[in-house]
Amino acid sequence: PQYATLEELQRTYGPRGFTVLGFPCNSFAGQEPGSAEKITEFCSTTYGVTFPLMEKTKVNGRDSHPLYTELRKVPDASGHAGRVKWNFEKFVILPDDSVHRFRPQTQPDDAAIVAVIERGLAQRDSAAASATSA
């Protein structure tokens, strides 16, 4: 069901420059088995997902994708960094390159996530306005 809520965020904030990126991972009890194509088909037909879904990605361990090697260093709101605990762990990257981490139980439309997205869009809008007036 988080796919549907992520799609809502994409539809709400996409026109303002925000993009949800999905990184399927099958490391957690068979959450996303099958090929990337099958996962994309399932997500689009079941949840109406239009945001980009990447190739299946290893998020923990020595063979993890370099992006996740870096993202695991980011602490969550409780100050804990480290392993991705489950699918649907969320990372919001802002225009100032700050990264905000939300654990899987945090719903995509949680007020804390929405506030970070809004802050990022405001940063982007401010930078664009400054560039235009310069």
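Is Cys43 buried or exposed? The close-up views below take up this question and a few others, using a predicted model.

**View 1. Cys43 is a buried cysteine.** The relative accessibility of Cys43 is 0%, so this residue counts as buried.

**View 2. The structure holds zero disulfides.** Cys25 takes part in no disulfide, and the nearest cysteine sulfur to it belongs to Cys43, 13 Å away. Looking from the other end, Cys43 is likewise in no disulfide, with the sulfur of Cys25 as its nearest cysteine sulfur at 13 Å. For anyone new to the term, a disulfide is a covalent bond between the sulfur atoms of two cysteines.

**View 3. The largest pocket has a volume of about 820 Å³.** Its lining is made up of 37 residues. To find the centre of this pocket, look for Val20, Leu21, Phe23, Lys90 and Phe91, the lining residues that lie nearest to it.

View 4. Helix H4 supplies the largest share, with five residues.

**View 5. The lining of the largest pocket includes nonpolar, polar and charged residues.** Sorted by type, the lining residues comprise 28 nonpolar, five polar and four charged.

Definitions and conventions. Residues numbered from 1 in each chain as written. Predicted model: local features only at pLDDT ≥ 70, side-chain atom pairs only at ≥ 80, totals over all residues. Heavy atoms only, no water. Disulfide = S-S within 2.5 Å. Buried < 20%, exposed > 50% of the residue type's maximum accessible area, 1.4 Å probe, protein only. 1 Å grid on protein atoms, 1.4 Å probe; cavity = no way out; pocket = protein on both sides within 12 Å on 5 of 7 lines; lining within 4 Å. Points joined across faces, edges and corners; volume = space filled by probe spheres on them. Helix = DSSP H or I, 4+ residues; strand = E, 2+ residues; numbered from the N terminus. Nonpolar A, V, L, I, M, F, W, Y, C, P; charged D, E, K, R; others polar.
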